[in-house]
Amino acid sequence: MFVDVVLPLALPKPTYTYAVPDGLAEMVQSGVRVEVQFGKNKIYSGIVVRAHFEQPAYNTKPILSVLDSVIVVTQEQLALWQWLSNYYCCTLGEVMLAALPAHLKLNSETMLVFNPAYGEDFSDLDSDGYLLAEALLLQESFSLDTVRKILNKKTVFPTVQQLLAKGVLFLREDLQDKFKARKQVAVRLAAPYQTDQAALRRVFEQVDKLERQLELLMSYMHLSKQAASVLKSALLQKADVSDSTLRTMVKKGVFELYDLEVSRIAGYEDDLLEAGGLSGAQTAAYQAINTQFDDKQVVLLHGVTGSGKTRVYIELMRDVIKKGGQVLYLLPEIGLTTQLISRLQKVMGDDISVYHSKIGYNERVELWRSAFLGKSVLMGARSALFLPFKKLDLIIVDEEHDPSFKQNDPAPRYHARDTAVYLAGLYQAKVLLGTATPSLESYYNVQQGKYGLVNLTERFGGLAMPEIQPIDLKVQQKTKQMEGVFSKPLLDALKQSIEQGEQVILFQNRRGYAPIMECQVCGWNATCKDCDVSLTYHKFSNSLRCHYCGYRIEPQVVCPACGSGKIGMLGFGTEKIEDDLKVFLPTVRIGRLDMDTASTKNNLTTILTDFEEKRLDILVGTQMVTKGLDFDNVGLVGVIGADQLVRFPDFRAGERAYQLLTQVAGRSGRHRKKGLVMVQAYNPGHPVIKEVVSNDFEGFMARELRERADFFYPPYSRLISLRVRHKDERVAAAAADYLGKILRVKLGKRVLGPVVPQIARIRTYYYQDILLKLEKSAQLIQDTKMMVQYNTTLMQGVSGFSQVQVIVDVDPA
């Protein structure tokens, strides 16, 4: 017997053939892992794609062991891997690397780390396990190659798997911070009053004439009967008293405060789930989706911000669960998952699980197994597409427009939305794409009759859409009404919102303090030593940092070029906005949400919790504040600089700007009264800004599609981007020129470039870009992909070009 095995490596062949020793033949089947030698000394765990009796024309190495008694990769998964490899021009090994969690792809270099929580009692381990555990206890970590030497065996994977399962060791890849539950401050009666009713009556008598304390105590008794825990914020709101009243009663020993771990749930969705009913508009949307599913595999749910799309998803998921099927719920970023998981558990309980990169070994193994056994609902970011499903009936792609669904590096550079459609086809499942701002590709597919469309045009509870006001910065500057980066109308509105007890979100899609540090005498500016970009000044850390490679230096006091001390800052980011606000509104509590402050999940949770519980008045942020967050007290949203969004040199700039501005505007006025959005721009007459202000989605789509058609861009064409890179600028240019010429022989004017990109050097590599613009012909596209792969190999065979790398990106985002 022989087996074709895929290895977790970027290799030219999709699979490699190995012989199966007689003693292992009964254990081998497609989808199990086998331990194999590749090259002279390297050992890998690979996946069996096919078992057969066709002897190849060369001597084959034997497999060393079979690692699984049941399959870990299904036939549908293997079909998906093959499609991804073919469609996105990458190797099957690269897909395997992306698809499998670390514990399923052991190799010689895998690092093992001792788990000190296990202790030092190894008596229940076999002899090999005992020896390995003892060695790890002494050395703390080493590679699988070292394990082979310690045990003096070639086959060590089964022993390692045994210790992993028992919790004796970890893989280094698994040692990431797990998500921490969000903590809120809760209130409870102090110990004597929890059980002693007579003592509690005496407290009531003591506060009888203290109106605020009495109101607080009565409000607590009322809330404690409705829920197991009473949140501090809910208590103060119901009693309508200040924090000082509660502090007084804590000092008296009546109440005590404690931290309660909860998940972040958007306000009105809680009430809605408890009520169990759909609004009229939601019921109509739910019925329309089911009707569309009768003859469409994919349906687009276009629901305005705050319309309650999640509630419609819940009803559809209930239907699938009743029929014994599975649902995959995809989100663009894992931060949103922690918000949704708790509200969905209210409906489905233990039927739902969440898959993400930061869960530990045991949870990941269990979740992989539960998906294979038919877990009802699985939520996650794009990597959840690779789970082994048993009976997948529905895939929900929430915020389908979001660029985060596109994988950029490393390969496979796939789009989760498009991959979800293909995956659904393998299982005969349905796909629901949900968003307030559909991508042009999805909307075009609706127009062509390929996708169904359901509109949800009103906000839940009949709330009005926010009023959007443009502010002309040219006029503000001419009349000298600017205060730092703030126009007078925005600053006035800020002050008014704070006075009325409302919260404010300010959006600026650039982090840091200032993007450029420049000499005002000679024009020198601080740039990265490894990338062709300016260093951004970060005031908090007092450093200049590159946002591409992480390089950092201390700020220059004297210009290194001319010796002048006149060094100034140009532009502004979220850090400068936060700094200016502290000058104009010194008593206001300000938070900042960007990659600097929310670098860990715990930090992100803290910031969002503080804002939701009204410990912050203003939240300044990058596009992270547009990601579907739901706060009930936001009365004003301010966009500080809309121009940079629409001026970005990319054919998708208008689409991205419309989506970002509409999404951030949707954070305003979601629960109480009509919200206000103020958009600062030097060109408020720009078509995209005008369409956002007037909420003219149809007009935006018509104009943008017309422009795409005029210039032959998607969705009217298909793009393949080729990025040629090398550490020598001249070699990169010569190789790109060579590749462009040989592609142009067959493809002609469809080949654009090569050109030097906007950022020509990143992490010491010089780049050249080639863009292939193709008609929407399946045969032409497939032939072009094969041509690209063949000609890339041809180019790399030319003297001097062997180290040139070509990054192929199909359907670049």
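Helix α26 is followed by G748, whose phi is positive, near 60°. Helices here are DSSP runs of H or I with at least four residues, strands are runs of E with at least two, and both are numbered from the N terminus. The model is predicted: local features need pLDDT of at least 70, side-chain atom pairs count only at pLDDT 80 or more, and totals for chains, interfaces and linings use all residues. Residues are numbered from 1 along each chain as its sequence is written, and side-chain values use heavy atoms, with hydrogens and water left out.

At the start of α26, a side-chain oxygen of D728 comes to within 2.8 Å of the backbone nitrogen of R730. The helix has 19 residues (729-747) and should span 27 Å at 1.5 Å a residue; its end C-alpha atoms are 26 Å apart, which agrees. The expected span is 1.5 Å times one less than the number of residues.

| Class | Residues of α26 |
|---|---|
| Buried | V731, A732, A735, A736, L739, G740, L743, L747 |
| Exposed, on the other side | R730, K741, V745 |

Seen down the axis, the buried residues fall within an arc of 160°, so they line one face of α26. The arc is taken from the directions from the helix axis to the C-beta atoms. An α-helix has 3.6 residues a turn, so residues three or four places apart point the same way. The cover over the buried residues of α26 includes β30 (718-726), β31 (751-755), β33 (765-774), α27 (778-796) and β34 (805-810), where contact means heavy atoms within 4.5 Å.

Conventions: Buried means under 20% relative accessible area, exposed over 50%, partly exposed in between (1.4 Å probe, protein chains only). A polar contact is a pair of N or O atoms within 3.5 Å; within protein, one must be able to donate a hydrogen and the other to accept it, and residues adjacent in sequence count only if both atoms are side-chain atoms.
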